[in-house]
Amino acid sequence: MSELLRYDDAAARKLLEERHWTQLAPALEDARDEVFRDIELFNAGGEVPAEKQPLDAGFIEYPRRLLDGAEDGLLDRMNESANALRGELDHVVLLGIGGSYMGMRALFEALCHPYHNLLDRDERRGMPRLYFEGNNLDNDTARGLLELLRLHCRDRDDLNQRWGIIVISKSGGTLETAAAFRIFREALEQYYGPDSEASRRLVVPITGETGKLRSFSEQRGYGTTFPVPDGIGGRFSVLTPVGLYPAAMLGIDIDQLLRGADAMTEAFRSAPVGENPVLDYVATCHLFERECGMTTRVLSTWGNRLEAFGLWYDQLLAESLGKQEQGATPLTVVNTRDLHSRGQQHQEGTRDKLITNVIVERPSSRPVPVPVVSDDLNQDELNRLEGKPLPQLLDAAIQGTNRAYAEDQRPTADLLLPVLDAHTLGQLLQMMMLATVVEGRLIGINPYGQPGVEAYKRNMGEILYGG
C-alpha cells in the first residue's frame, strides 16, 4: 500500500499556547460531522435548506463511486476512450477555465515529464502533446497556438500532424472557453473538412447533462462526451472526468489518483485531531488567522513541479472562502527560486503570513550530482560539494530557511509527500478540497458557490451585448 502524506505543524505550534488547539478540537470535530451530514443530505436528493445552497458535496465520495464501478462504468469508459483517441492524434488542445483548467494543469506539471511537449512521440511513449487555451482572453497566446498548429500540422494523414480538442465547460456559456472553442473548432474543421467524420471524432466535450455545450454537441454529432457531474463545483472537479479524462490521455494512472483521494477521505473520516492531516491543517491555518491576524497563507512548493498545484489551490481557497468579507489570501511560491524575492518579505516583512512548505521527500528521477572540476576551474568553489546531489542541496535550503523563520518566530508547517506520484497527488488534492470545506463550515461560510464571480460575468455581458 502506498504511503500517506504527513502534515507536520510542530514548528508553528510552538508559537501558540497549546490551549488554543485543545479548545478548538470539538469545533473541528463538529465541522467534520457537518461535512458528512452534508453528504447524507446531498445523497438523499431532497430539498436543501436555503443556507446550504448550493450544496456541491458530491466530490467527497465520487472517487470511491468511480472505483466501485458506479456511474455506469465511467472509469473504464474514460480509460478505453483515452487509449483509443491517443492513437489517433499527437496534439491535444484543452479548452477550459478555472476548475476546468487548473486541475488538469496541476496533474500535467506534477506527473508528466517536465519537458513533455518537447519530446518526440516515441520518447512520450505515444502520449500526445498538450496545450491549454480558453482560460483567458489573451489574443497573443491564442494566435500563437493557432500558428503552432498551422506550422506543425500540415498533413492530416500523418499521425504526428493530427490534432484534436477537449473542451470542458459545465454550461457552455463561459465566454473565455466558448470563444476559444469557436475559434479552435473553426481551425480544426478547416484542417479535416467541416463535415468530415474526423472533425467530429477528434472533439471531446466534457460538459453538464444540460446546457449550451451539451445541446451543441448533440446537434453537431460528437460521438464521445463525458459528464461534468451534478453536485460537484468546478474547483472541486479535478477528480471527475474534467481532470481524469485528459489525464488518462496522457497516460497518468487515474485509478491511483482516485485511490489516493479515497485513502485521504478515509483518514479524514476516522483519524482523530492531532493525527488527521485535514483537521490539523485547518486548525493551524484557522488559529494563526484568528489569534495572530495571519491572513496570508503562503503555499511554498519546494521544486517546480507543484507550482500549478499551488495555483489550483489559490483558486480553491479564494473562491470558496473569500466571502462575507472573510477568507485568507492564498499565495503560491516556488523555492528555492522565490527565496530571492518573496523570501526577503517572508523573513522580515509584515507578520501576516503562515507558511506551509510542500516537500517531496524522494525525487521521481535519479539524483543529479554536482561534478568536480580541476582546481583551475573551481572559481565557484563548488568542489567542496563534490558528488552531492541536487536533492541534498534542496534539503539544506529547506532546513536553513525553516530555521531562519523559526529564529524570528515566523510560523511554518510542512506537508510531506513521500514521493510525487498519482496516488500521493490524489491524496493531496482531496486533502485540500476537504480542508477548504471543513474551514468553511467552521467559520460559518458556505464553501460552495461563487456569487462574486458571477458579478463580473454579468457586467461583462452588459458591456459586450448591451442592456
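The model is predicted, so local features need pLDDT of at least 70 and side-chain atom pairs count only at pLDDT 80 or more, while totals for chains, interfaces and linings use all residues. Residues are numbered from 1 along each chain as its sequence is written, and side-chain values use heavy atoms, with hydrogens and water left out.

I start with the parallel sheet. It is open, has five strands in the order β3-β2-β4-β5-β6, and its pairing is parallel. Strands here are DSSP runs of E with at least two residues, helices are runs of H or I with at least four residues, and both are numbered from the N terminus. Two strands pair if DSSP finds at least two bridges between them. As a general point, strands of a sheet pair through backbone hydrogen bonds, either parallel or antiparallel.

Which strands stand at the edges? They are β3, residues 129-133, and β6, residues 226-227; each has a single partner strand, so one side of each is left without a neighbour in the sheet. The partner of β3 is β2, residues 91-95, and five bridges join these two parallel strands. Within that pair, L94 is opposite F132 of β3.

Two helices pack on this sheet. Helix α7, residues 175-192, touches β2, β3, β4 (163-169) and β5 (203-207), and its direction makes about 160° with that of β4. Touching, or contact, means heavy atoms within 4.5 Å. For the angles, axes are lines fitted to C-alpha atoms, for helices over the stretch in contact, and values run from 0 to 180 degrees between N-to-C directions. Helix α10, residues 241-249, touches β2, β4, β5 and β6, at about 155° to β5.

Next, the mixed sheet. This one is also open, with five strands in the order β1-β10-β9-β7-β8 and mixed pairing.

Going along the order, β1 pairs with β10, residues 412-419, in the antiparallel sense over three bridges, and D8 is opposite D414 in β10. Then β9 and β10 run parallel, joined by seven bridges; here I359 stands opposite L416 of β10. Helix α15, residues 390-407, lies across β7 (296-302), β8, β9 and β10, at about 155° to β7.

Is β9 largely enclosed or left open? Seven of its 10 residues are buried, so β9 is largely enclosed by the rest of the structure. Buried means under 20% relative accessible area, exposed is over 50%, and partly exposed is in between, with a 1.4 Å probe and protein chains only. Take T356, which is found in β9, residues 353-362. T356 counts as buried because its relative accessibility is 3%. Not counting residues up to four places away in sequence, T356 touches Y281, V298, L299, S300, A413 and L415.

Now helix α11, residues 254-270. Its 17 residues reach 25 Å from first C-alpha to last, close to the 24 Å expected at 1.5 Å a residue; the expected span is 1.5 Å times one less than the number of residues. The buried residues of α11 include I254, L257, A261, M264 and F268. At the start of α11, a side-chain oxygen of D253 comes to within 3.2 Å of the backbone nitrogen of D255.

R342 lies in another helix, α14, residues 342-348. At 36% relative accessibility, R342 is partly exposed. Apart from neighbours within four places in sequence, its contacts are L331 and V333. R342 and L257 are 85 residues apart in sequence and 32 Å apart in space, C-alpha to C-alpha.

Last, the cysteines. How many disulfides does a search of the whole structure find? It finds zero, a disulfide being a pair of cysteine sulfur atoms within 2.5 Å. C285 is in no disulfide either, and the nearest cysteine sulfur, in C292, is 12 Å away. C153 is buried at 5% relative accessibility, and C285 is buried with a relative accessible area of 1%.

Note on methods: A polar contact is a pair of N or O atoms within 3.5 Å; within protein, one must be able to donate a hydrogen and the other to accept it, and residues adjacent in sequence count only if both atoms are side-chain atoms.
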